Amino acid sequence: MMTAWAVLGGFVLDAIFGDPAWLPHPVVYMGKAISRLEKFLRARLPKTPQGELLGGAVLAFCLPVGTLLFTGLVCWGAAMLHPLLGLAVQMFWCGQALAAKGLVQESTIVYWELVKDDLPAARKAVSRIVGRDTEALTAEGVTKAAVETVAENASDGVIAPMFWFALLGLPGMMAYKMVNTLDSMIGYKNERYLEFGRIAALIDDIANYIPARLTAYLMLLVSNNWGKRDFVRRFGPEHASPNSGYPEAALAAVLDCQFGGTHDYFGKPVEKPYIGTNARPFTTEDMRIAIQVNSNTELLMGVIVTLILLII
C-alpha cells in the first residue's frame, strides 16, 4: 500500500513542482559520480580497447548496483524511524526521478515561441531539449525536432522510471536513472567512448526495451489509434536505436507524418532513417497534439502503476 501511495505522491509532486532549479537533484550527483569514477578508472587501466572496455564495464556495473543498494538502505532506514518518514522519502525521490512536467514545460515554451513567430527564441528554447544543432533550423525544423524529442523522452523520462518502480520499487527507479545517466554521458560511439561506453549503452538498451514499446502502445491507446499497431511494428525497428524508434513511430502514426532525415550534430550532418511515409510540413498544431498525447500517456501509466501496486 505504501509503495502505491509513494508513486502516486511522486507523480503529483512532479506535476505540481517539476524540478526547481534551487533544489539539489539526484541526477546531478549521479553525473558527478560517473565523472569521478571514470577519471579514476582511466588513470589506472591500460589505454587499450580491452582496458577501456573493462573500465566502462566496471563503471556500468558498480554505479547502478551501488545506487540500488544506497537507495534501498536509505528507504529502509527512514521507514525504521517512522513509516510516514519512509513514505515521504519515497515520494520525494520518486517526484525527482520523474521528468514529466519539465519536458511539458520546455516543449510548451517552444510551442508558444513558434506561435509568436519568434524563430530565434524558438531555436534557443528547443536547444534545451534536443541534441542536434539548432542555429540554422527553420520554424518547421524546430517543430519537428521538438515533436521527435517529446516522443523519445516520454519513455526515458517518465514511462521507464515508473516501469522500474513497479518492478523494484524506488531503488529500481533510481538505479534506472543511473543507467540512463550513464548512457547520456558515456554511451557515445565516438573515439573517446566507443569502447568505454559500450557496456553502459548496452545496459541502457536492455533497461528501455520494454518501456519503449509500452510507451508506443500507450500513445496509440490514449490517442484512439490502436488500429495502427502494424505501423509501429513496421517503423519502430527502423531507428538506429533499438528502442527510440517505437515511441517515434507511434507519434508518427498519430500525426500521420514522417520523422528522420538529415540532422546536424556538432557541425556534422547525420542521416537518420525515415519513420513514416507522409513527408508533409510540420505545424505548431503537431506540437500541441504531441504534448497532449505525451501528457495523456504519462497519466495513463501513472494510473496503471498505482493500480497494480494497490492490487499487489
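I began with Arg42 and Glu38, whose side chains meet in a salt bridge at 2.9 Å, N to O. Both sit in helix α2, four residues apart, which is about one turn of the helix.

I then checked burial. Glu38 counts as buried because its relative accessible area is 6%, under the 20% cut-off. Arg42 is buried too, at 16%.

What else does Glu38 form a salt bridge with? I found Arg192, with the closest N and O atoms 2.9 Å apart. This pair links distant parts of the chain: Glu38 is in helix α2, while Arg192 is in the loop between α7 (139-186) and α8, 154 residues away. Arg192 is partly exposed, with a relative accessible area of 45%.

Back to Arg42: its side chain also meets that of Glu52 in a salt bridge, at 3.2 Å, N to O. Glu52 belongs to helix α3 and Arg42 to helix α2, ten residues apart. I noted both Glu52 and Arg42 as buried.

Put together, Glu38, Arg42, Glu52 and Arg192 are linked in a network of salt bridges. The whole structure holds nine salt bridges.

**A helix pair**

Next I looked at α3 (residues 49-81) and α4 (residues 83-97), which pack at about 145 degrees with their axes 5 Å apart. The contact includes Phe70 and Val74 of α3, and Leu85 and Trp93 of α4. By class I have ten nonpolar residues, three polar and no charged ones.

**Confidence**

I'm keeping in mind that this is a predicted model. The average pLDDT is 90. Confidence is lowest in strand β1 (residues 259-265), at a mean of 76, and highest in helix α8 (residues 198-222), at 97.

Notes
Residues numbered from 1 in each chain as written. Predicted model: local features only at pLDDT ≥ 70, side-chain atom pairs only at ≥ 80, totals over all residues. Heavy atoms only, no water. pLDDT = per-residue confidence, 0-100. Helix = DSSP H or I, 4+ residues; strand = E, 2+ residues; numbered from the N terminus. Axes fitted to C-alpha atoms, helices over the stretch in contact; angles between N-to-C directions. Contact = heavy atoms within 4.5 Å. Nonpolar A, V, L, I, M, F, W, Y, C, P; charged D, E, K, R; others polar. Salt bridge = Lys/Arg side-chain N within 4 Å of Asp/Glu carboxyl O. Buried < 20%, exposed > 50% of the residue type's maximum accessible area, 1.4 Å probe, protein only.
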